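Please look at the sequence and the 3D structure before reading on.

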Amino acid sequence: MMSFSTHVLNAVTGRPAAGVAVRLEYAGEVVADGRTDADGRIKGWNPGAGVHRVVFDTGAYLADTFYPEVVITFTVTDPAAHYHVPLLLSPFAYSTYRGS
C-alpha cells in the first residue's frame with residue numbers, strides 16, 4: 001500500500017518546524033490531517049493512488065510570512081511506493097522535492 005510522509009524544515013533557524021498543521025487532500029476531500037511532530041515530520045498516511053494535494057498552514061507557523069499557505073500537488077503513480085514530500089520554509093521563499 002502507498003505511504004506518504006513529509007518533513008518541514010525552517011530555513012531561517014535551521015531547525016525542524018514543529019507544530020505545522022498539514023492536510024492531505026484527494027479529489028477535493030481531506031483524507032488525512034495532523035501537525036508536524038517535534039522533528040518536523042508527519043508519516044504513516046496511506047491515501048492511495050492518484051493526484052493529491054498536501055496543504056501546509058504556514059501562516060499560523062510563521063507570523064510574517066508572504067506565503068500563508070503552501071500547496072503542493074503531486075501524482076502517485078505506484079500505489080506500492082513510498083512518497084516523501086519535504087518542505088523547506090522561510091518567510092519569503094519555500095522549496096520542495098520528491099524525497100525518498
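Two strands pair if DSSP finds at least two bridges between them. Helices (H or I, at least four residues) and strands (E, at least two residues) are DSSP runs, numbered from the N terminus. This is a predicted model, in which local features need pLDDT of at least 70 and side-chain atom pairs count only at pLDDT 80 or more, while totals for chains, interfaces and linings use all residues. Residues are numbered from 1 along each chain as its sequence is written, and side-chain values use heavy atoms, leaving out hydrogens and water.

Start with strand E6 (residues 50–56), which pairs with E7 in the antiparallel sense over seven bridges. Within this pair, Val54 has Ile72 of E7 as its bridge partner. Strand E3 (residues 21–26) and strand E4 (residues 29–35) also pair in the antiparallel sense, over six bridges. There, Val22 is bridged to Gly34 in E4. The hairpin of E3 and E4 has two residues between the strands, and Ala27 takes a positive phi near 55° in it.

In a regular strand the side chains alternate between the two faces of the sheet. E7 has a covered face made of Val70, Ile72, Phe74 and Val76. Its uncovered face holds Val71, Thr73 and Thr75.

Next comes the core. A nonpolar core is a set of buried Ala, Val, Leu, Ile, Met, Phe, Trp, Tyr and Cys residues joined through side-chain atoms within 4.5 Å; buried means under 20% relative accessible area, exposed over 50%, and partly exposed in between (1.4 Å probe, protein chains only). The largest nonpolar core has 22 residues, of which Phe4, Val54 and Phe56 touch the most other members. At least two residues of this core come from each of strand E1 (3–10), E3, strand E5 (41–45), E6, E7 and strand E9 (87–90). E7 gives the most, with four residues.

Contact means heavy atoms within 4.5 Å. Tyr67 counts as partly exposed because its relative accessibility is 27%. Leaving aside neighbours within four places in sequence, Tyr67 is in contact with residues including Thr58, Gly59 and Pro91. Tyr67 and Pro91 are 24 residues apart along the chain, with their C-alpha atoms separated by 7.1 Å.

Arg15, in strand E2 (residues 15–16), counts as exposed because its relative accessibility is 53%.
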